[in-house]
Amino acid sequence: MYTVGTHIIATYAGKPYTSFVEERIFSPLGMTSSTFPPEQAGSSGKFSQGWTKGPGAVISSAVDMSKWVAMWLNEGVHGDKALIPPSVYQELVIRRDSEHSIVGYGMGWFRSSYRGHDVKAFTCLPPRQVVYHVGGILGFTALVSFLPSDAIGVTVLSNGDEQAKPVVNILNRILDEALHLDSSLTLSSPALTTLPLPNPPSNPAPGALTVSLTDLAGTYTNTGYSTLTLCAPSTASSYCAKVHSDFTAVDYAQGNSEPSLELLAEWPRIESSHIRMRYQQGFIFNIDFTALFPDGYGKDETPFETGDIERPDATAEFVIEDGQVVGFGLSGLEGWLWERARISHSCARSG
(Lines give C-alpha, C1' and ligand atoms only; values in the text may rest on other atoms or scores of the structure.)
Protein backbone atom coordinates (compact mmCIF):
# COMPACT_ATOMS: atom_id res chain seq x y z
CA MET A 1 0.00 0.00 0.00
CA TYR A 2 2.73 2.46 0.96
CA THR A 3 4.79 1.52 -2.10
CA VAL A 4 1.82 2.29 -4.33
CA GLY A 5 1.34 5.60 -2.53
CA THR A 6 4.93 6.67 -3.08
CA HIS A 7 4.70 5.65 -6.74
CA ILE A 8 1.57 7.75 -7.24
CA ILE A 9 3.21 10.79 -5.64
CA ALA A 10 6.38 10.41 -7.70
CA THR A 11 4.35 10.00 -10.90
CA TYR A 12 2.16 13.07 -10.42
CA ALA A 13 4.93 15.21 -8.92
CA GLY A 14 7.32 14.35 -11.71
CA LYS A 15 10.16 13.75 -9.27
CA PRO A 16 11.40 11.02 -6.92
CA TYR A 17 9.32 10.56 -3.78
CA THR A 18 12.36 11.34 -1.61
CA SER A 19 12.84 14.69 -3.36
CA PHE A 20 9.15 15.49 -2.93
CA VAL A 21 9.30 14.84 0.82
CA GLU A 22 12.48 16.87 1.23
CA GLU A 23 10.99 19.86 -0.62
CA ARG A 24 7.44 19.74 0.77
CA ILE A 25 8.06 18.60 4.35
CA PHE A 26 11.68 18.55 5.53
CA SER A 27 12.65 21.97 4.17
CA PRO A 28 9.54 24.00 5.22
CA LEU A 29 9.60 22.49 8.73
CA GLY A 30 13.34 22.97 9.16
CA MET A 31 13.91 19.26 9.66
CA THR A 32 17.63 19.53 8.96
CA SER A 33 18.48 16.19 10.59
CA SER A 34 16.01 14.20 8.49
CA THR A 35 16.98 12.35 5.35
CA PHE A 36 16.62 9.05 3.49
CA PRO A 37 20.14 7.80 2.58
CA PRO A 38 21.92 6.07 5.51
CA GLU A 39 25.23 7.33 4.07
CA GLN A 40 24.12 10.93 4.50
CA ALA A 41 22.95 10.28 8.04
CA GLY A 42 26.21 8.53 8.85
CA SER A 43 28.31 11.46 7.66
CA SER A 44 26.64 13.69 10.28
CA GLY A 45 28.23 11.75 13.13
CA LYS A 46 24.83 11.48 14.84
CA PHE A 47 23.62 8.25 13.26
CA SER A 48 22.33 5.85 15.92
CA GLN A 49 23.57 2.28 15.73
CA GLY A 50 20.67 -0.14 15.88
CA TRP A 51 21.01 -3.53 17.48
CA THR A 52 20.56 -4.97 14.02
CA LYS A 53 20.43 -3.54 10.50
CA GLY A 54 20.14 0.16 9.82
CA PRO A 55 16.98 1.95 8.67
CA GLY A 56 15.45 1.70 5.24
CA ALA A 57 13.12 4.72 5.16
CA VAL A 58 13.10 8.18 6.79
CA ILE A 59 16.01 8.77 9.15
CA SER A 60 15.24 11.51 11.64
CA SER A 61 15.84 12.81 15.17
CA ALA A 62 13.73 13.56 18.22
CA VAL A 63 13.95 17.31 17.55
CA ASP A 64 12.88 16.96 13.92
CA MET A 65 10.05 14.61 14.79
CA SER A 66 8.76 17.15 17.30
CA LYS A 67 8.50 19.64 14.41
CA TRP A 68 6.57 17.07 12.38
CA VAL A 69 4.13 16.37 15.22
CA ALA A 70 3.72 20.10 16.00
CA MET A 71 2.60 20.67 12.43
CA TRP A 72 -0.09 17.99 12.83
CA LEU A 73 -1.22 19.48 16.13
CA ASN A 74 -1.66 22.77 14.29
CA GLU A 75 -4.00 21.01 11.82
CA GLY A 76 -1.38 20.72 9.11
CA VAL A 77 -0.31 24.36 9.23
CA HIS A 78 3.25 25.60 9.77
CA GLY A 79 3.60 29.32 10.18
CA ASP A 80 1.22 30.81 7.64
CA LYS A 81 1.40 27.88 5.21
CA ALA A 82 -0.77 24.76 5.11
CA LEU A 83 1.54 21.82 4.41
CA ILE A 84 -1.33 19.36 4.84
CA PRO A 85 -4.59 20.33 3.05
CA PRO A 86 -7.57 20.72 5.44
CA SER A 87 -9.48 17.98 3.61
CA VAL A 88 -6.62 15.54 4.19
CA TYR A 89 -6.37 16.49 7.85
CA GLN A 90 -10.09 15.92 8.38
CA GLU A 91 -9.90 12.52 6.71
CA LEU A 92 -7.16 11.59 9.12
CA VAL A 93 -8.78 12.63 12.40
CA ILE A 94 -12.33 11.45 11.70
CA ARG A 95 -11.82 8.38 9.49
CA ARG A 96 -13.23 5.18 10.99
CA ASP A 97 -13.43 1.57 9.94
CA SER A 98 -17.23 1.63 10.16
CA GLU A 99 -20.02 3.71 11.59
CA HIS A 100 -20.03 1.53 14.70
CA SER A 101 -16.30 1.61 15.44
CA ILE A 102 -14.21 4.01 17.50
CA VAL A 103 -11.01 2.63 16.00
CA GLY A 104 -10.09 3.79 12.54
CA TYR A 105 -7.37 4.19 9.97
CA GLY A 106 -6.82 6.96 7.46
CA MET A 107 -3.98 8.40 5.41
CA GLY A 108 -1.40 6.14 7.04
CA TRP A 109 -2.45 6.93 10.62
CA PHE A 110 -4.34 4.84 13.13
CA ARG A 111 -6.94 6.55 15.28
CA SER A 112 -8.50 5.29 18.50
CA SER A 113 -9.98 6.49 21.75
CA TYR A 114 -7.77 6.79 24.80
CA ARG A 115 -9.01 5.68 28.21
CA GLY A 116 -12.56 5.58 26.86
CA HIS A 117 -12.91 9.29 26.07
CA ASP A 118 -13.65 9.83 22.42
CA VAL A 119 -17.20 10.45 21.23
CA LYS A 120 -19.09 13.42 22.66
CA ALA A 121 -22.40 11.57 22.40
CA PHE A 122 -21.32 9.11 25.08
CA THR A 123 -19.53 11.35 27.55
CA CYS A 124 -19.63 14.81 29.05
CA LEU A 125 -15.88 15.08 28.56
CA PRO A 126 -14.40 16.58 25.38
CA PRO A 127 -13.41 14.00 22.75
CA ARG A 128 -10.04 12.47 23.57
CA GLN A 129 -8.42 10.46 20.83
CA VAL A 130 -4.90 9.45 19.93
CA VAL A 131 -3.71 9.43 16.34
CA TYR A 132 -0.61 7.32 15.88
CA HIS A 133 1.56 5.16 13.71
CA VAL A 134 3.97 2.58 15.07
CA GLY A 135 6.33 0.51 13.02
CA GLY A 136 9.84 -0.71 12.68
CA ILE A 137 12.45 -2.40 10.60
CA LEU A 138 15.44 -4.48 11.59
CA GLY A 139 17.29 -2.47 14.18
CA PHE A 140 14.75 0.24 14.97
CA THR A 141 11.22 0.84 16.27
CA ALA A 142 9.38 4.16 16.16
CA LEU A 143 6.05 5.50 17.35
CA VAL A 144 4.66 8.91 16.41
CA SER A 145 1.41 10.07 18.00
CA PHE A 146 -0.66 13.11 18.87
CA LEU A 147 -3.91 13.96 20.61
CA PRO A 148 -5.62 16.68 18.51
CA SER A 149 -8.05 17.79 21.24
CA ASP A 150 -5.41 17.94 23.97
CA ALA A 151 -2.53 19.53 22.00
CA ILE A 152 -0.20 16.72 23.05
CA GLY A 153 2.31 15.00 20.79
CA VAL A 154 4.60 12.11 21.68
CA THR A 155 7.36 10.45 19.68
CA VAL A 156 9.17 7.36 20.96
CA LEU A 157 12.29 6.12 19.16
CA SER A 158 14.14 2.89 19.93
CA ASN A 159 17.37 1.54 18.44
CA GLY A 160 16.09 -2.02 18.77
CA ASP A 161 13.59 -3.89 16.62
CA GLU A 162 10.49 -5.79 17.77
CA GLN A 163 9.85 -3.14 20.45
CA ALA A 164 6.25 -2.21 19.60
CA LYS A 165 4.86 -3.15 23.00
CA PRO A 166 7.53 -1.31 25.05
CA VAL A 167 7.22 1.91 23.03
CA VAL A 168 3.42 1.79 23.36
CA ASN A 169 3.79 1.34 27.12
CA ILE A 170 6.09 4.37 27.21
CA LEU A 171 3.52 6.36 25.22
CA ASN A 172 0.72 5.35 27.61
CA ARG A 173 2.75 6.35 30.65
CA ILE A 174 3.58 9.75 29.17
CA LEU A 175 -0.05 10.37 28.23
CA ASP A 176 -1.23 9.41 31.71
CA GLU A 177 1.20 11.89 33.23
CA ALA A 178 0.27 14.65 30.79
CA LEU A 179 -3.47 14.07 31.24
CA HIS A 180 -3.25 13.51 35.04
CA LEU A 181 -4.69 10.01 34.80
CA ASP A 182 -4.09 6.96 36.97
CA SER A 183 -1.41 4.89 35.19
CA SER A 184 -2.44 1.73 37.04
CA LEU A 185 -5.61 1.61 34.94
CA THR A 186 -3.91 1.89 31.57
CA LEU A 187 -3.54 -1.14 29.35
CA SER A 188 -1.54 -1.39 26.16
CA SER A 189 -3.56 -0.99 23.01
CA PRO A 190 -4.54 -4.52 21.88
CA ALA A 191 -3.96 -3.48 18.30
CA LEU A 192 -0.31 -2.76 19.09
CA THR A 193 0.48 -5.55 21.53
CA THR A 194 3.08 -7.90 20.10
CA LEU A 195 2.17 -11.53 19.67
CA PRO A 196 3.81 -14.24 21.77
CA LEU A 197 6.71 -16.11 20.28
CA PRO A 198 5.44 -19.47 19.05
CA ASN A 199 7.07 -22.53 20.52
CA PRO A 200 9.58 -23.98 18.05
CA PRO A 201 8.76 -27.50 16.93
CA SER A 202 10.75 -30.23 18.58
CA ASN A 203 13.17 -32.10 16.37
CA PRO A 204 11.69 -35.45 15.31
CA ALA A 205 13.60 -38.70 15.28
CA PRO A 206 16.24 -38.73 12.49
CA GLY A 207 14.51 -41.67 10.80
CA ALA A 208 11.14 -39.92 10.41
CA LEU A 209 12.01 -38.38 7.03
CA THR A 210 11.61 -41.01 4.31
CA VAL A 211 13.69 -39.15 1.70
CA SER A 212 17.15 -37.72 2.14
CA LEU A 213 17.77 -34.01 2.59
CA THR A 214 20.09 -34.25 -0.40
CA ASP A 215 17.12 -35.29 -2.58
CA LEU A 216 15.17 -32.22 -1.41
CA ALA A 217 18.06 -29.82 -1.90
CA GLY A 218 18.31 -27.92 -5.15
CA THR A 219 16.99 -24.88 -6.95
CA TYR A 220 13.27 -24.12 -7.01
CA THR A 221 11.57 -21.51 -9.16
CA ASN A 222 8.22 -19.73 -9.07
CA THR A 223 6.93 -16.65 -10.88
CA GLY A 224 5.94 -14.92 -7.65
CA TYR A 225 8.72 -16.06 -5.33
CA SER A 226 11.54 -16.09 -7.89
CA THR A 227 14.41 -18.57 -7.35
CA LEU A 228 15.35 -20.33 -4.14
CA THR A 229 18.30 -22.71 -3.78
CA LEU A 230 18.11 -25.02 -0.76
CA CYS A 231 21.24 -26.55 0.73
CA ALA A 232 21.46 -29.90 2.50
CA PRO A 233 24.36 -30.65 4.87
CA SER A 234 26.08 -32.70 2.15
CA THR A 235 25.50 -30.26 -0.71
CA ALA A 236 28.84 -29.29 -2.25
CA SER A 237 28.92 -25.89 -3.95
CA SER A 238 30.49 -22.53 -3.27
CA TYR A 239 27.02 -21.07 -2.66
CA CYS A 240 26.09 -23.72 -0.09
CA ALA A 241 29.50 -23.52 1.54
CA LYS A 242 28.87 -19.83 2.23
CA VAL A 243 25.32 -20.52 3.47
CA HIS A 244 26.51 -23.22 5.86
CA SER A 245 29.36 -21.02 7.07
CA ASP A 246 26.97 -18.18 7.94
CA PHE A 247 24.57 -20.44 9.83
CA THR A 248 27.39 -22.29 11.61
CA ALA A 249 28.89 -19.03 12.90
CA VAL A 250 25.55 -17.87 14.30
CA ASP A 251 24.53 -21.25 15.75
CA TYR A 252 27.91 -21.70 17.44
CA ALA A 253 27.79 -18.22 18.99
CA GLN A 254 24.28 -18.87 20.29
CA GLY A 255 25.15 -22.33 21.64
CA ASN A 256 22.83 -24.12 19.21
CA SER A 257 24.79 -27.32 18.67
CA GLU A 258 21.89 -29.78 18.66
CA PRO A 259 21.73 -31.61 15.31
CA SER A 260 18.62 -30.88 13.29
CA LEU A 261 17.12 -32.05 10.02
CA GLU A 262 17.06 -28.81 8.10
CA LEU A 263 17.52 -27.17 4.72
CA LEU A 264 19.19 -23.76 4.46
CA ALA A 265 19.16 -20.99 1.87
CA GLU A 266 19.91 -17.36 1.24
CA TRP A 267 16.84 -15.13 1.06
CA PRO A 268 17.98 -11.49 0.80
CA ARG A 269 14.89 -9.39 1.41
CA ILE A 270 14.04 -6.26 3.43
CA GLU A 271 13.64 -8.07 6.76
CA SER A 272 15.50 -11.31 6.16
CA SER A 273 18.73 -12.61 4.74
CA HIS A 274 18.27 -16.38 4.97
CA ILE A 275 15.72 -19.16 5.31
CA ARG A 276 15.95 -22.07 7.69
CA MET A 277 13.62 -25.01 6.98
CA ARG A 278 13.32 -27.38 9.96
CA TYR A 279 11.79 -30.80 9.46
CA GLN A 280 8.40 -31.30 11.13
CA GLN A 281 6.71 -34.47 9.84
CA GLY A 282 6.01 -36.35 6.64
CA PHE A 283 7.27 -34.05 3.89
CA ILE A 284 6.50 -30.88 5.87
CA PHE A 285 9.11 -28.39 7.05
CA ASN A 286 8.66 -25.31 9.24
CA ILE A 287 10.06 -22.15 7.63
CA ASP A 288 11.97 -19.53 9.61
CA PHE A 289 12.72 -16.28 7.81
CA THR A 290 15.77 -14.98 9.62
CA ALA A 291 18.38 -12.25 9.36
CA LEU A 292 21.90 -13.57 9.98
CA PHE A 293 24.79 -11.44 11.15
CA PRO A 294 27.73 -13.87 11.05
CA ASP A 295 30.20 -11.01 11.60
CA GLY A 296 28.09 -9.21 14.20
CA TYR A 297 27.03 -5.64 13.63
CA GLY A 298 28.85 -2.37 14.20
CA LYS A 299 31.31 -2.55 17.05
CA ASP A 300 29.91 -5.83 18.33
CA GLU A 301 31.44 -8.63 16.26
CA THR A 302 29.52 -11.43 17.99
CA PRO A 303 27.46 -13.42 15.42
CA PHE A 304 23.70 -13.35 15.97
CA GLU A 305 20.38 -13.61 14.13
CA THR A 306 17.03 -11.88 14.39
CA GLY A 307 13.56 -12.81 13.22
CA ASP A 308 10.01 -11.49 13.22
CA ILE A 309 8.25 -12.87 16.31
CA GLU A 310 4.89 -11.65 14.98
CA ARG A 311 5.10 -13.67 11.79
CA PRO A 312 2.69 -16.63 11.86
CA ASP A 313 3.99 -20.16 11.39
CA ALA A 314 4.82 -20.92 7.78
CA THR A 315 5.36 -24.37 6.35
CA ALA A 316 6.64 -25.96 3.18
CA GLU A 317 5.31 -29.34 2.06
CA PHE A 318 7.39 -31.11 -0.57
CA VAL A 319 5.58 -32.90 -3.38
CA ILE A 320 6.97 -36.28 -4.44
CA GLU A 321 5.68 -37.92 -7.62
CA ASP A 322 6.98 -41.28 -8.86
CA GLY A 323 9.91 -40.99 -6.49
CA GLN A 324 10.92 -37.57 -7.85
CA VAL A 325 10.76 -34.21 -6.08
CA VAL A 326 8.65 -31.91 -8.27
CA GLY A 327 8.27 -28.91 -5.95
CA PHE A 328 6.81 -27.79 -2.66
CA GLY A 329 3.75 -25.89 -1.49
CA LEU A 330 3.85 -22.90 0.86
CA SER A 331 1.30 -22.19 3.59
CA GLY A 332 0.86 -19.33 6.03
CA LEU A 333 2.99 -16.60 4.45
CA GLU A 334 0.37 -13.83 4.07
CA GLY A 335 -0.55 -12.45 7.47
CA TRP A 336 -2.96 -14.76 9.27
CA LEU A 337 -4.53 -15.93 6.01
CA TRP A 338 -3.53 -19.20 4.40
CA GLU A 339 -2.25 -19.38 0.89
CA ARG A 340 -0.72 -22.18 -1.13
CA ALA A 341 1.57 -21.88 -4.11
CA ARG A 342 3.52 -24.52 -5.98
CA ILE A 343 7.22 -23.82 -6.36
CA SER A 344 8.65 -26.04 -9.05
CA HIS A 345 11.84 -28.04 -8.66
CA SER A 346 14.09 -27.04 -11.55
CA CYS A 347 17.11 -29.21 -10.81
CA ALA A 348 17.89 -32.23 -8.68
CA ARG A 349 20.72 -30.64 -6.72
CA SER A 350 22.48 -27.30 -6.65
CA GLY A 351 25.84 -27.48 -8.24
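Trainee: In which strand does H274 lie?

Mentor: Strands (E, at least two residues) and helices (H or I, at least four) are DSSP runs, numbered from the N terminus. H274 belongs to strand β11, residues 272–281. This is a predicted model, in which local features need pLDDT of at least 70, side-chain atom pairs count only at pLDDT 80 or more, and totals for chains, interfaces and linings use all residues. Residues are numbered from 1 along each chain as its sequence is written, and side-chain values use heavy atoms, with hydrogens and water left out.

Trainee: Is H274 buried or exposed?

Mentor: Buried means under 20% relative accessible area, exposed over 50%, and partly exposed in between (1.4 Å probe, protein chains only). With a relative accessible area of 7%, H274 is buried. Contact means heavy atoms within 4.5 Å. Leaving aside residues up to four places away in sequence, H274 touches D246, F247, A265, E266, W267, D288, F289, T290 and L292.

Trainee: How should I read the faces of helix α4?

Mentor: An α-helix has 3.6 residues a turn, so residues three or four places apart point the same way. In α4, the buried residues are D64, M65, W68, V69, M71 and W72. Seen down the axis, they fall within an arc of 155° (taken from the directions from the helix axis to the C-beta atoms), so they line one face of the helix. The face turned away from this buried side carries the exposed residues A62 and V63. Just after α4, E75 takes a positive phi of about 60°.

Trainee: How many aromatic pairs does the structure hold?

Mentor: Rings of Phe, Tyr and Trp (its six-membered ring) pair if their centres lie within 6.5 Å; planes under 30 degrees apart count as stacked, over 60 as edge-to-face and the rest as tilted. The structure holds 12 such pairs. One of them, W72 with Y89, is stacked, at 6.3 Å centre to centre and 25° between the planes. This pair links distant parts of the chain, with W72 in helix α4 and Y89 in helix α5 (residues 86–94), 17 residues apart. W72 is buried at a relative accessible area of 4%, and Y89 counts as buried at 5%.

Trainee: Which residues do ring pairs link into a cluster?

Mentor: The cluster consists of W68, W72, Y89, W109 and F146.
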